[in-house]
Amino acid sequence: MKKILVVFFCMNVFWIFSQKCTYNIQGTIVDFHDGSIIDDATILIKNTNKFAVSDSEGNFTISNVCNGKITLVISHIGCKTSEKTIKIDGNYTGKFLLEHHSEELEEVTLKGKIVVKKVASLSETVLSKKMLENYSAASLGDALKEIAGVSSINTGNAIVKPMINGMHSSRIIVMNNGVRLQDQEWGIEHAPNIDLNSSESVSVIKGAGALAFGSDAIGGVVLLNPKNPIRKDSLFGSTIAGFQTNGKAYNIASSLHKTYKNGYFLDANATHKRFGDFRAPDYFLTNTGSKSTAFSLNVGYKTFETGWNLFVSSIANEIGILGASHIGGIQDLVNALNSQQPLIQNDFSYRIDNPKQDVTHFIAKASYFKRFQNVGKLTLQYDFQENQRFEYDRRIGDNRFIPAVDLNLQTHTATADFLFDAKNSWTFQSGTLFRFQENVANPATGVRRLIPDYQKTDAGIYTTIKHEFSENWLFDTGFRYDFNFYGVKKFYQTSRWSVLGYDVLFPELVIQDLGTQLLTNPELSFHNFAMSLGAKRTLSEENSLLLNYTMATRPPNIAELFSDGLHHSAARIELGSLTLNSEKSNRFSLSFLKENSSSKWQIDTYINTIQDYIFIAPNGTEQTIRGAFPKWEYRQTDALLVGFDINIQKEFSENWGYSLNTSYIYAQDTENKMPIIDMPPFQMKNSISYNNNDWHGFSSTLISEFIGRQNRFPDFNFNQFIAETNTTVLVDISTPPNAYHLFHINNTMNFDLGKHSKIQVSLNINNLLNTSYRNYLNRLRFFADDLGRNFQLQIKINY
Amino acid sequence: MKKYIFLFSYLVIMSLTSCSSEDPEIVNEEELITTLRVTLTPQGGGTTVTLQLQDLDGNGPNAPVTNVSGPLQANKTYTGVTQVLNETESPAENITLEVKEEGYEHQFFYTFSNSIATATYTDQDKNGRPIGITFNLTTTTAGIGNLTVTLRHEPNKAASGVSAGIITNAGGETDVEATFNLTVN
């Protein structure tokens, strides 16, 4: 590391000698519309640390400016940020114009904001607050599907896990306000514990190249960004209230933002949602209700030079799992597969009975940053998370009220990052991470632990470098190393231990022999390297090309290693494997971006080869005294994923717009020469929208959503003898459902409420034609159809 | 600034020096049933036939072991008694007693293939509905077929056919399911 710094320092010494940096810029900031002066505007020289703030006369001075071409970024609360490129070959004096949109405080379009992309050579898509508000009552997984290439893998409609280019769970890093979410993300029925309402925008970076966040994000990184505080005395807020017919659900979310001119700020959010049973076109989905309560508080002090931030967030979710999906053995699964309808259909109710989940997640974060003139910015952060997960199965007798799964996960993380951005056209970022995590599985459940007690220690270090080679070429590269250590204490059944061959492979792990069970103490270390190299080529004012190669490593997670036993709510025996290696992914991506005043194109293509790709797949059944249960085992193979994601937005006129979202992925198990299980099929979403600003901002969008049939799927079907009927049947758990086509319509109107408030009314209809369908990536597709028509009314008040 | 670095290092050290954990507590699955034993005594004399299913490792990988002691006589009525035991304990825990105590929440079902025999219940729970711990088995003509014995927990005894011994509408949780190959001579 030191050597690299010395080399770069020497390289830059030549730069300094060839530049004269004794000039100054003097200027005045005025309003574009009426020429009035604007005080307290920030004028920053792009890609440097040099800045000034305009005084009460609108004047500012920046000294020690180097000759050459520079770009000034001028920003001010209530104004559209502007950039101006000027050539310095002497002292410069000028007037700079800003468009001042006064009291509106509406979201400035993302084009005008300084949105700093995390990795220049990777596609980064941002969902604005306006887009997120449509999903105020829904989940993160639902909102992310607005992005081409992002789908979801579900357990019903309340548990939605984002899937980026076919990758999900441990292959995706979710960062909530700078905190990497640690919430048992390994399970298909474990959705991320996020309240969308506390975020200002959500960014998705596909692939692992954003190395500042980790070396294992083989699928991608999801960033939930908080509101950026403004340096002005202000107080504003909003409340969203909504109602939906499908599920007779109501939701209410409120947020309040207070900022001070001196730099202090405070954001508070509170959300409550309540859903009853959902309805498919022909019947109610009994026991699919849910309840969610969340609050968050983000306070701090932020100036250009320094700042600190305290963030506290808490979310409590109670989620019902479709009653008909609870099965007691293979017989019940066969009955469900053969039945066109779920075997439990009751009238509508808000009741959440077993099987259900009860999860609470708490985050506390403290961070501090300081800019050092002519060097860069140091950020220090400590965060603590606690996740408590209860899973209740349909149990009998006194055990009815005792959860079958009781996991407590606590994580401490400390990070230090340094951003060197003082040099023109070079940006370095370097950082370290320490993390300690402890998982405790409560034995009071009376059920053998699904995943064991463990302590995990992580340490990581990374560097990323970005270089503006010329006006048209930008290069970035990064390196990261992470060390993971698992200290696990796990009970194995003695019979399982020998059937798995561990008595021969790992006899030294046994620390206590208790007859029918053995206590073992596996200690596993993983070394993970990641590397990224990319370029951005600006072809013209409108077009650019992104090229990136990333190599990333992901160690197996706790479920892949140690799953052991009958997972009641999934009614299958899940078995991990101690012999799993880390996954290693090599991903090449090529993206084409086009943006002009009337259209926006984003075409992402990628090839991802994953060595030792870990997945879980069925492997017949296991016989117990209670009958036969389907058995799923984690295994490892080599995979090849090739795909494209396309997003096109076009404005045909002032009123009419069109957009297209489509994606396809080819996923092959190259070792066994068969398709990979659970991959999203071809999808295409076409939307036509009509806007009329004269009619109270009326906008209406008609969406046609087509999901194809996944024709590439592995055949894991098996024959099973059913004792009850004395027959042998084929259990078909592999065949995906048919393709389907849905229509949706979204309508919005804005009204003024008094002098300072605005009210926005939305009426959305999902699945307009009440089409019956099943989704291949919904684990509950074996038991019931997906959602029928839904009318959603949402009212948002800004004040 | 300095104090922040100190605080940071302190937190880092704190997180690294994890307290060594105690060993976790073992979980023995409650009310584990390892053995189902059906004893058939021919009325009016003859050889007793015993059917047994045994799975000593519970939810473990070892498959249950089935045993049928001998053939049945044709056109004969047998007095049947069923027991469920936990044989991982010594002496074996007789779970049949618990089943009898909570008789209203349990029912044994006896299903035959190829019409080789029929079963009628000879016991009752506190609501006057059968439990099935004791029953009569009457064989028909010679042949071979299967007997499936199922113990359901919290079945719907009021549903159609359930109290007559037809499992189709019973519901509830399956605690035991055993299939025996029977030969009727």
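Colleague: Which residue of β27(A) is the bridge partner of L407(A)?

Modeller: A441(A) is the bridge partner. This is a predicted model: local features need pLDDT of at least 70, side-chain atom pairs count only at pLDDT 80 or more, and totals for chains, interfaces and linings use all residues. Residues are numbered from 1 along each chain as its sequence is written, while chains are lettered from A and ligands numbered from 1 in the order in which they are written.

Colleague: What makes β26 and β27 of chain A a pair?

Modeller: Two strands pair if DSSP finds at least two bridges between them. Here 14 bridges join β26 (residues 405-420) to β27 (residues 426-441) of chain A, so they pair by that rule. They run antiparallel. Their hairpin has 5 residues between the strands, and S425(A) takes a positive phi near 65 degrees there.

Colleague: How do you know that β27(A) pairs with β28 of chain A?

Modeller: By the bridges again. β27(A) and β28 (residues 453-468) share 14 bridges in the antiparallel sense. In β28(A), T457(A) is the bridge partner of F436(A).

Colleague: Turn to chain B. What counts as a helix or a strand?

Modeller: Both are DSSP runs, numbered from the N terminus: helices are H or I with at least four residues, strands are E with at least two. Chain B has 2 helices and 10 strands. Their pattern along the sequence is α-β-β-β-β-β-α-β-β-β-β-β.

Colleague: Why are β6 and β10 of chain B called edge strands?

Modeller: The open sheet of 3 strands has the order β6-β9-β10 (chain B), with antiparallel pairing. β6 (106-112) and β10 (173-184) of chain B each have a single partner strand, so one side of each has no neighbour in the sheet. β6(B) is joined by 7 bridges to β9 (residues 143-153) of chain B, where V149(B) is the bridge partner of Y110(B).

Colleague: What makes a residue buried, and what share of chain B is buried?

Modeller: Buried means 20 or more other C-beta atoms within 10 Å of its own; 12 or fewer is exposed, and in between is partly exposed, with C-beta atoms placed from the backbone. Buried residues make up 32% of the 185 residues in chain B.

Colleague: How do you know that chain B touches chain A?

Modeller: Contact means C-beta atoms, placed from the backbone, within 7 Å. On that basis, 42 residues of chain B are in contact with 41 residues of chain A. On the chain B side, α1 (2-16), β9 and β10 each supply at least two residues.

Notes
Two residues are in contact if their C-beta atoms, placed from the backbone, lie within 7 Å.
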